[in-house]
Amino acid sequence: GSGGSLARSGPARSSAAGSSTATTGAASGQPRGGLAEVAYAGSLLPLNEQTIGPAFERATGDHYQGRGGGSYGLAREIQAGEIRPTVFESIGGGPIELLEPRFTRWWVQVASSPLVLAYNPSGPDGPLFEEAAAGKVPLKDVFLAMAKPGFRLGRTNPATDPQGQAFVMMIELAQRDLGLPAGIVDQILGAGARHGGGDQQQIFAETALDAHLEAGQLDAASAFLSQAVQLHLHYLRLPAAIDFGDPAEASAYAQASIVVPGSQPGSTKTVHGAPLVVDVTVLDQPGTSRADRAAAWAFVASLFSPAGRQAFEQAGYQLVPPTISGPASAVPALIRRAVESAGSTSGAAG
């Protein structure tokens with residue numbers, strides 16, 4: 001590909017924690033471009049830091065700075081003014097809705113990210129997972145193994161992370177679809193997992209979960225297909241009716257629910273299952289320079305370029321038609337054109 005190809009990987013110039021190491025004009029002797037400050041769902045870390053961020057810098061001369069975390073947690077930090085990104089990539093539109101209308105009024109869906117069960121092949125149940133992945137034993141046997149005392153499972157925090165919420169609801173749907181015994185949700189996740197309880201020793205930061213799995217500290221862990229592909233994890237695919245990755249199964253996912261903290265301290269809300277889709281928006285941050293605003297627009301537009309779409313696909317995401325939620329008139333023209341162009345080719349590409 002060309003120097004601007006998003007399919008190329010290169011050294012990341014920014015840290016997932018958010019501290020910028022992007023070169024500035026004064027240091028490099030070059031005129032400084034704008035800065036796209038991107039807050040993103042933690043599962044996007046490898047793709048953003050190794051591929052899309054560096055390629056965006058090469059293609060545009062602008063700079064990229066990334067920060068990963070749970071989508072709801074990031075949204076609350078943005079609301080409170082603790083972080084001031086100009087781009088937000090969320091899993092699902094829910095976290096973006098928390099920022100409306102103050103920071104944005106729209107978002108665009110990019111790609112879906114099915115859940116998988118990542119596993120440690122050297123663990124006591126590693127052979128069972130291998131056989132299930134090969135279709136030699138029923139998936140039901142894997143869930144029964146996870147319910148045994150002493151099974152070490154890792155997942156993310158449902159209070160802050162859509163993946164954590166979906167994983168709990170996936171077990172709920174699996175109980176029904178696979179004919180698992182009543183009570184297995186609590187046996188696997190700990191008592192009260194659907195209502196803010198559960199085994200807290202299972203909870204890890206999304207960006208750290210794979211390291212604990214690879215170190216042999218866990219037998220299995222929640223993961224997105226994209227994470228499993230990019231991090232070369234052993235994983236077991238789940239049926240579309242329970243993996244939260246197929247927009248066509250939205251009505252099936254909606255039958256599961258979980259209670260999570262509400263927006264006010266001490267309050268709660270019930271979240272129903274929905275497809276796990278990467279959604280992106282540009283945030284209106286007061287005092288943003290014209291160059292930085294243009295860089296934010298260019299970054300989002302780059303996600304819908306042929307190279308951007310290819311990068312998502314190669315990283316294990318499933319492309320979906322790029323649909324705008326909210327008033328299209330609020331979407332910057334550069335992004336609207338990129339979305340329209342990607343939409344006209346997505347049908348042909350299948």
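Let me begin with a term: on a 1 Å grid over the protein atoms alone, a cavity is a set of points where a 1.4 Å probe fits but cannot get out, and its lining residues have an atom within 4 Å of a point. Grid points are joined across faces, edges and corners, and a volume is the space filled by probe spheres set on the points.

What you see here is a predicted model, in which local features need pLDDT of at least 70 and side-chain atom pairs count only at pLDDT 80 or more, while totals for chains, interfaces and linings use all residues. Residues are numbered from 1 along each chain as its sequence is written, and side-chain values use heavy atoms, with hydrogens and water left out.

The count comes to 1 cavity of 30 Å³ or more, and the largest cavity has a volume of about 70 Å³. Its lining includes A118, Q163, E206 and L233, and the elements that give two or more residues to that lining are α9 (209–214) and β7 (220–224), where helices (H or I, at least four residues) and strands (E, at least two) are DSSP runs numbered from the N terminus.

Now to a pair of helices: α5 (residues 126–133) and α6 (residues 139–146) pack at an angle of about 155 degrees with their axes 9 Å apart, the axes being lines fitted to C-alpha atoms over the stretch in contact, and angles running from 0 to 180 degrees between N-to-C directions. That makes α5 roughly antiparallel to α6, a label for angles over 145 degrees. In their contact (heavy atoms within 4.5 Å), L128, F129 and A132 of α5 meet D141, V142, A145 and M146 of α6.

Methods
1 Å grid on protein atoms, 1.4 Å probe; cavity = no way out; pocket = protein on both sides within 12 Å on 5 of 7 lines; lining within 4 Å. Parallel < 35°, antiparallel > 145°, perpendicular 65-115°, else oblique.
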